[in-house]
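Hi,

Here is the model I said I would pass on.

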Amino acid sequence: MPEQEEQDREINVDDVPTEGAGVVNEAQTEKETPIEQIRQLKVRLEALEKELAEEREKATDYMNRAMRVQADASNMRKRLQQDFARAMQDALKSVVYEQLAVLDSFDRAFATLPAEFQHFSWVEGVSMIQSQLYSILYRVGVRPIEAVGKKFNPIEHEAVAFEETRDQPEDTVTAELQRGYKLQDQVLRPALVKIARAPQAATAGAAGNEANQTQT
């Protein structure tokens, strides 16, 4: 028995676990666990921020595309409206231009009408038809071009004859041979006119006098 007790005393103390060591290990594990959690949360947060940045970039790209599509649609709508308005304007010009011949026929008829026929009722009826036609054209923007007494304008007037006269300044419209018309401030048909021109004899004489004065 004494020998057994002696062997028991020789047992290494390091082989026996102590309660203090277990407490230290648990405390260290508990200390490391929040740090690891924080690190993982930080990694996860960085990943979420990256994903958010990518989604924000995608959203911006989608918004830019949508704005471009909207702008293209708006431009297309404007072009279609302009093309439609231009087509309507061309169609209106074509229709109105054909009616000008009717107005010309009325003007020639009344210009050659004998005075003794002017009091007849049928003449008044024809005059009313002329007025109705002109009123319709007036409502769509047709206006006659002023000619007689105006200075010659190559845009609104077409000179087909000359009149030598000293009574009016040169290039003044002295007569209107065919009335011209505008459609909404655009010349639909220029007026055929006669314009004033200085007499040739007077011009030649003035040139001769000027030459004589130069020689003197």
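Below are my notes on a sheet, a histidine and some aromatic rings.

A word on the ground rules: this is a predicted model, so local features need pLDDT of at least 70 and side-chain atom pairs count only at pLDDT 80 or more, while totals for chains, interfaces and linings use all residues. Residues are numbered from 1 along each chain as its sequence is written, and side-chain values use heavy atoms, with hydrogens and water left out.

The sheet

Three strands make an open sheet with mixed pairing, in the order S2-S6-S3. Strands here are DSSP E runs of at least two residues, helices are H or I runs of at least four, and both are numbered from the N terminus; two strands pair if DSSP finds at least two bridges between them. S2 and S3 (173-178) are the edge strands, each with a single partner, so one side of each has no neighbour in the sheet. S3 and S6 (residues 191-197) run antiparallel and are joined by four bridges. Within that pairing, Glu176 is opposite Val193 in S6.

His157

His157 lies in S2, which covers residues 157-164. With 3% relative accessibility, His157 counts as buried (buried is under 20% relative accessible area, exposed over 50%, partly exposed in between, using a 1.4 Å probe and protein chains only). Leaving aside residues up to four places away in sequence, His157 touches a set of residues that includes Phe152, Val173, Pro190 and Val193 (contact means heavy atoms within 4.5 Å). A polar atom of the His157 side chain is also 3.1 Å from the backbone oxygen of Glu146.

The aromatics

A search of the whole structure turns up three aromatic pairs. Rings of Phe, Tyr and Trp (its six-membered ring) pair if their centres lie within 6.5 Å; planes under 30 degrees apart are stacked, over 60 edge-to-face, and the rest tilted. Phe120 and Trp122 form a tilted pair, at 6.4 Å centre to centre and 40° between the planes. Phe120 is partly exposed at 31%, and Trp122 is exposed at 51%.

Tyr134 and Tyr138 are four residues apart in helix H3 (residues 121-139), which puts about one helical turn between them. Tyr134 is partly exposed at 26%, as is Tyr138 at 41%. The charged end of Arg143 sits over the Tyr138 ring, 3.5 Å from its centre (the cut-offs are NZ of Lys or CZ of Arg within 6 Å of the ring centre and within 35 degrees of the ring normal). Arg197 likewise has its charged end over the ring of Phe162, 4.5 Å from the centre.

Cheers

Terms used: A polar contact is a pair of N or O atoms within 3.5 Å; within protein, one must be able to donate a hydrogen and the other to accept it, and residues adjacent in sequence count only if both atoms are side-chain atoms.
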